Amino acid sequence: MKRSIIILLLLAVIKMSAETPTFFPRKFLLEHFTSANCNQCPMGMKYIVEYLDRQTTPYIWLSHHAVYGTDEYTIPESNAIAMNYLGMNSVPSVVFNRTKQGGLLVLGAWNIENLVVQDDTVAEASVVIEHQFDKVTRRLDVTVSGQVANVDRTAYLLTILIKENRLVGKQADQITSWKKANWLEYMHPRVVRDFVNGTFGDTVKVENQAYSYSTTYTMDKDWVAENCCVVAYLTPLEKQPIINAEQVAVVAGTEGGEQYGPY
C-alpha cells in the first residue's frame, strides 16, 4: 500500500515537472526617457534607433516624457519612475531591463553603445496577455497570466500600461537653449500614455507555479487605438530587474503602430 502511494506521488511530481518548463523565452524592456523640451533628444533618438537596429535580442521599447520640464505627453507616473525611483536628472537617457550596465543603472542615450549585450534570453516566468477591446465604449479588458519556473518565488509585481505610437507633436531641435529652439513637427514613438494598475503595478501571488491577474480600463477617446499597445512586465517585489515582458496591439489585426519607424 505504501509503495503504491509513493509511486503515485512520484508520478505526480514527474507530471508537474513536465507541465512547467524550467525557463521561458525572454523579452527585454528598454525604457527611454525624453522630452519635447530637450534639444538633444532627437539626436538621442538617433543613437537608440541605430543601436537597436543592430541587435537581435527581442525587446520592448517604452518612451517616458519626463525629467526635463513637462510636455503634452508627460504623466506623473513617468516622472515618479525617472526622478523619485531612478534619481534621474537629465535626458535623453535609457534604462535597460532595470539592470546596471557597466556599473550604471541609467545611461545617457549617447552612451547606449556601452550596454552589455544580454546573452541571458531566458526568464524564470512567462508573461501572456489576453484582452478584448470595445471600439465604441473604449473599454479594455485585460488578463495577464503566466507560468513560473522558480519554485521559490511566491509573488511578483505586475505592471500593465498603455503606450501609443505615431504621435505628431512639437520637439525642440539642436540649438543651445530649448527656449530659443525651433519647434518642429516630430513623430513621437512608443509613448507611455498611462499605467493601468499603478506606477509599479500590483502584487500577484504565485500558486502552483502560475499566476493570473485581470483588470478593466477605459482608454482615452483621443488616443488612436490602432496605434496603441498593451504592455505588461514582471519584476520582483524589489521593483528590479525586469524579469520578463510582453506587449500586444490593442486592436486585433494591427501592430499597434510598431511597424513604423520613429521619424
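**The aromatic pairs**

Tutor: Let's start with Tyr85, which counts as partly exposed at 24% relative accessibility. Its value is past the cut-off, because buried means under 20%. Keep in mind that this is a predicted model.

Searching the whole structure turns up three aromatic pairs. One of them joins Phe28 and Phe96, and it is stacked: the centres are 5.6 Å apart, with 20 degrees between the planes. Phe28 belongs to strand β2 (residues 28-34) and Phe96 to strand β4 (residues 93-96), so this pair ties together parts that are 68 residues apart in sequence.

Tyr85 pairs with Phe200 in an edge-to-face arrangement, at 5.1 Å centre to centre and 65 degrees between the planes. Tyr85 sits in helix α3 (residues 76-85), while Phe200 is in the loop between β12 (191-195) and β13 (202-205), so here the pair ties together parts that are 115 residues apart in sequence. Phe200 has another neighbour worth a click: Lys239 lies over the face of its ring, 4.3 Å from the ring centre.

Zooming out, how do contacts across the chain look? Of the contacts in the protein with a separation of 6 or more, 71% are between residues 24 or more positions apart. The secondary structure comes to three helices and 16 strands. The protein has 263 residues, and 52% of them count as buried.

For some strand context, take an open sheet of three strands, ordered β7-β8-β14 with antiparallel pairing. Its edge strands are β7 (128-133) and β14 (210-218), each pairing on one side only. On average, neighbouring strands in this sheet are turned by 15 degrees against each other, direction ignored. Strands of a sheet pair through backbone hydrogen bonds, either parallel or antiparallel. Here β7 and β8 (residues 139-147) run antiparallel and are joined by six bridges.

Key
Residues numbered from 1 in each chain as written. Predicted model: local features only at pLDDT ≥ 70, side-chain atom pairs only at ≥ 80, totals over all residues. Heavy atoms only, no water. Phe/Tyr/Trp six-rings, centres within 6.5 Å; stacked < 30°, edge-to-face > 60°. Helix = DSSP H or I, 4+ residues; strand = E, 2+ residues; numbered from the N terminus. Buried < 20%, exposed > 50% of the residue type's maximum accessible area, 1.4 Å probe, protein only. Lys NZ or Arg CZ within 6 Å of the ring centre and 35° of its normal. Contact = heavy atoms within 4.5 Å. Pairing = 2+ DSSP bridges. Axes fitted to C-alpha atoms, helices over the stretch in contact; angles between N-to-C directions.
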